[in-house]
Amino acid sequence: MTAAAEFDPEVTALARRHAPEVWDAALQAAKSAAVEVLTRRLTEAILTSATGPRSTEAPDPVIPDPGPGLCAYAITWSHAEVPETGATPALRLLAHEDLAVVVAQVDVGMFADLEKEAGPPDSVDPGSRLAVLARQHDAVVRAVFEAYPVLPLRFGTVVRDDRAAVLLLEDHRADVSEWLSRTDGHREWGVRVALPEPAPARKPPPDGISGTGYLNARARELNGAQRLQTHARSVVSTLHDSLSRCSAADARREQPPALFDASYLVRQDQEETFQALLRRVEDDLAAAGATLRSTGPWPPYSFTPPQLVVGS
């Protein structure tokens, strides 16, 4: 249903006839809200365009033809031990100087046409081939990350043989070594703040309250909700500044309808301070009707530089 179809013409008529000043204020507030929503969407579109598909000059390690091959999961130090996940093919390490790539023998055909199963996260069948392989990939990355710094490789990175896997290390050796040294002892944490869905407009009762009284009450309700949202935004802005100061890096995302969504790369000896900052604002956000959710710790998925997204 369109926004025009949802708007009640009776409310419009009542507002214009009995309370033109309330109507003008509501219209101005609606325009401001529309500008905010459009700005978010334009920003998201511009970012998507700027960070879109990488150059076609980059080699594509994915082998489209079925047959034996190697799935490459992550890069770590060569002194690492093979992780045990219990639910993946037999893993092994292929080393080149101080680096190693974690691989497993697979049938390359398992990764064919996975894009046909892709979609919003909540729409993917948990038992589908895509979901099973993605969980497997994440399990390997996490298993390595429990003991060693890790550079996660893009899901579905498949190469023909050992030599091709080692080439991944040779091609990116200097950058990967610097990345592993810089992220050693750090973990990723996610922070998301959400506001409740706005209450739907109520039709004025046929008897009792007048049209003017209804519109004034509705205006007070909307103004109250706007004040709470403004307060929540202020709290979140201060929170982000504090979290950034105790993090090595941060990455904010536009994720409507969330009020705030960001990831932080936090040194493990700073995690207690990081969590204390979150606890400090929970009640303040709750008073504004907002909910705060923290997730982690994760491997540094959100902080891999574009030139190190091996397998794209």
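Predicted model: local features only at pLDDT ≥ 70, side-chain atom pairs only at ≥ 80, totals over all residues.

Trainee: Okay, which residue is the bridge partner of Glu188 in E8?
Mentor: Leu265 is the bridge partner of Glu188 there. Residues are numbered from 1 along each chain as its sequence is written, and side-chain values use heavy atoms, with hydrogens and water left out.

Trainee: How many bridges join E6 to E8?
Mentor: There are 8, and the two strands run antiparallel. Two strands count as paired if DSSP finds at least two bridges between them.

Trainee: And what about E6 with E9?
Mentor: Those pair over 6 bridges, also in the antiparallel sense. Val191 stands opposite Ser294 in E9.

Trainee: What's the strand order in that sheet?
Mentor: E7-E8-E6-E9, an open sheet of 4 strands with antiparallel pairing. E7 (249-252) and E9 are the edge strands, each pairing on one side only. From one strand to the next the twist averages 20°, with axes being lines fitted to C-alpha atoms (for helices, over the stretch in contact) and angles running from 0 to 180 degrees between N-to-C directions.

Trainee: Which helix packs on the sheet?
Mentor: H7 does, touching E6, E8 and E9, and its direction makes about 5° with that of E6. Contact here means heavy atoms within 4.5 Å.

Trainee: Where is the kink in H7 centred?
Mentor: On Val281, and the kink is about 35°. The bend at a residue is the angle between axes fitted to the seven residues ending there and the seven starting there. Val281 is also one of the buried residues of H7, which include Phe274, Leu278 and Leu285. Buried means under 20% relative accessible area, exposed is over 50%, and partly exposed is in between (1.4 Å probe, protein chains only).

Trainee: What comes after H7?
Mentor: Gly289 follows, with a positive phi near 80°.

Trainee: Switching to cores. How many residues are in the largest nonpolar core?
Mentor: It has 22, and Val191, Phe274 and Leu285 are among those with the most contacts inside it. E6, H6 (211-245), E8 and H7 each supply at least two residues of this core. A nonpolar core is a set of buried Ala, Val, Leu, Ile, Met, Phe, Trp, Tyr and Cys residues joined through side-chain atoms within 4.5 Å.

Trainee: What does Val191 touch?
Mentor: Leaving out residues up to four places away in sequence, its contacts include Leu243, Tyr264, Phe274, Leu278 and Leu292. A second, separate core of 20 residues includes Ile75, Trp77, Leu94 and Val176.

Trainee: Now E3. Mostly covered or mostly open?
Mentor: Mostly covered, with 7 of its 9 residues buried. E3 is joined to E1 by 9 antiparallel bridges, and E3 pairs with E2 over 6 bridges, again antiparallel. Ala104 in E3 stands opposite Cys71 and is also the bridge partner of Leu91.

Trainee: Which residue takes a positive phi in the hairpin of E2 and E3?
Mentor: Glu97, near 55°, in a hairpin with 2 residues between the strands.

Trainee: Last one: what covers the buried residues of H4?
Mentor: The cover includes E1, E2, E3, E4, E6 and E9. Among the buried H4 residues are Leu133, His137 and Phe145.
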